[in-house]
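Reader: Can you walk me through this one? I'd like to start with strand pairing.

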Amino acid sequence: MWHFAAGGRVVAYAAIAIFVGAAASAVPAGAQTLDQSLSAAYSNNPTLNSQRAATRATDEYVPIALSGYRPQVFGSAYVGTQWTETKISNFPLSGTTTTQSQTQPYGFGVTISQTIYDGLRTANSVRGAEFQVRGQRELLRNTEQLVLLDAATAYMNVLQNSALVELQRQNLEALQEELRATRDRFSVGEVTRTDVAQAEASVANAQSELALAESNLNSARATFFQVIGLKPVKLSPGRPIDNLLPKVQNTAVDIGLANHPAVKAAQFSVDAAMANVKVAEGALSPSVSLNGSAASDYASSDQIERQSSASLTLNLSVPIYQGGGEYATIRQNKELLGQSRIEVDVNREQVRANVVQFWGALVAAKAAIESAQASVAANEIALKGVREEWRVGQRTTLDVLNAQTALFDARASLVIAQRDRVVASYSLLSATGQLSASKLGLKVQQYNPKVHYDQVRDAWFGVRTPDGR
């Protein structure tokens with residue numbers, strides 16, 4: 001803490017820190033920690049839960065594709081009334097004979113169709129669906145990264161804005177004390193009305209800045225609740241995660257290019273696009289199917305009580321010309337394949353740029369903290385000296401106000417730099433593709449997308465989802 005005297009009064013400033021290093025102090029009882037907030041976001045964030053639902057929906061593409069291997073069975077039945085009238089002319093013997101009949105026919109039947117060969121369209125559809133599932137899992141992992149990063153940023157923003165509000169309040173109190181001292185000296189003729197006006201202007205400006213800081217804090221708290229799902233209460237200091245980061249920039253870039261979910265998702269999109277091309281090409285191949293049917297008809301006429309039939313056929317279908325649509329589909333899927341390959345390069349370059357950017361931001365934040373700490377120490381000494389000189393008439397009121405403002409700015413810069421360092425460390429870990437609940441060691445039940453996939457992959461029937469809906 002540091003103190004200075006103003007007009008016989010003492011104003012104390014408490015040092016404010018919004019992050020702690022490796023040797024962190026004990027967390028106050030009942031305080032909400034950064035890890036707890038990240039765990040809450042992992043479990044409750046609606047964006048992340050929505051992406052998990054999308055992943056489960058994507059899992060169903062595999063059994064949909066696998067249905068091409070399975071037989072299709074249809075049952076049919078009918079019942080009705082049939083009335084007929086027949087007129088027979090025997091001219092010139094006996095004229096016209098009319099006969100009428102009415103029956104109630106009914107029947108039922110079963111047809112079965114089993115595809116034997118379809119130009120490998122089913123096999124390639126299954127392969128493409130598998131790649132879609134794997135790509136969607138990478139998108140889920142990327143969403144997890146973004147949510148955790150948003151949560152860490154929201155947490156640190158609340159800490160930063162809380163600290164800035166406290167600094168603004170302390171600054172306002174100091175300026176108000178300065179104004180009182182200036183008025184006291186003005187009343188005995190030691191300073192002029194100009195000095196009083198300068199002090200009053202500084203107080204008015206500090207009041208405006210405090211109102212703005214409180215508004216920013218309210219916005220930060222609202223974002224905190226939106227992302228994390230909890231209200232921020234007694235937040236403990238956050239800390240950077242430098243121990244989880246690569247030691248050199250080139251290593252960070254290599255890890256990001258190899259492991260970032262955006263890059264891997266794009267690569268799986270290429271594999272899925274290649275499978276789609278083969279599926280489209282399968283439309284030009286012949287197909288073979290085995291079809292069977294059995295039916296029984298009753299009372300179809302007065303003379304027929306029952307008539308049964310059954311058939312089993314092996315069908316070969318050879319496409320000759322289907323209007324040209326299949327050729328357009330093939331060309332379209334080839335272009336989409338080319339686009340997917342380009343997207344891989346786009347994502348790789350984006351990952352490279354992000355790693356370099358956040359590596360630089362982390363280095364800059366560390367340097368900014370050191371600079372701000374030195375600036376705070378120097379401005380403390382300067383303010384104390386200026387006040388002493390002001391008391392003996394060697395400094396003006398404006399000099400004291402400027403020194404007070406410089407100290408406040410230095411402390412605000414330190415708070416901002418501390419927040420930036422923590423956020424930059426999380427951003428860099430995200431840029432390398434490693435920001436996850438498991439990497440952070442969060443105490444939370446981790447979501448495993450493979451569980452749902454295994455539950456539905458080989459399901460032949462059923463409309464209820466594994467969670468009971």
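Author: This is a predicted model. Strand 3 pairs with strand 6 (residues 106-117) in the antiparallel sense, over 8 bridges. Within that pairing, serine 76 sits opposite glycine 109 of strand 6.

Reader: What order do the strands of the open sheet take?

Author: The order is 3-6-7-8, 4 strands with antiparallel pairing. Strand 3 (72-79) and strand 8 (306-317) are at the edges with a single partner strand each, so one side of each has no neighbour in the sheet. Neighbouring strands are turned by 10° against each other on average, direction ignored.

Reader: Switching to helices. At what angle do helix 4 and helix 9 cross?

Author: Roughly 170°, and the axes of helix 4 (residues 121-187) and helix 9 (residues 397-431) come within 10 Å. That crossing makes the two helices roughly antiparallel. Their contact residues divide into 18 nonpolar, 11 polar and 3 charged.

Reader: And how many salt bridges?

Author: The count is 16. One of them joins arginine 387 to glutamate 178, at 2.7 Å from N to O. Arginine 387 is in helix 8 (residues 325-391) and glutamate 178 in helix 4, so the pair ties together parts 209 residues apart in sequence.

Reader: Is arginine 387 buried or exposed?

Author: Buried, with a relative accessible area of 3%. Glutamate 178 is buried too, at 0%.

Reader: Which residue does arginine 180 bridge to?

Author: Glutamate 177, with the closest N and O atoms 2.4 Å apart. Arginine 180 is partly exposed at 34% relative accessible area, whereas glutamate 177 is buried at 5%.

Technical notes
Residues numbered from 1 in each chain as written. Predicted model: local features only at pLDDT ≥ 70, side-chain atom pairs only at ≥ 80, totals over all residues. Heavy atoms only, no water. Axes fitted to C-alpha atoms, helices over the stretch in contact; angles between N-to-C directions. Parallel < 35°, antiparallel > 145°, perpendicular 65-115°, else oblique. Nonpolar A, V, L, I, M, F, W, Y, C, P; charged D, E, K, R; others polar. Pairing = 2+ DSSP bridges. Salt bridge = Lys/Arg side-chain N within 4 Å of Asp/Glu carboxyl O. Buried < 20%, exposed > 50% of the residue type's maximum accessible area, 1.4 Å probe, protein only.
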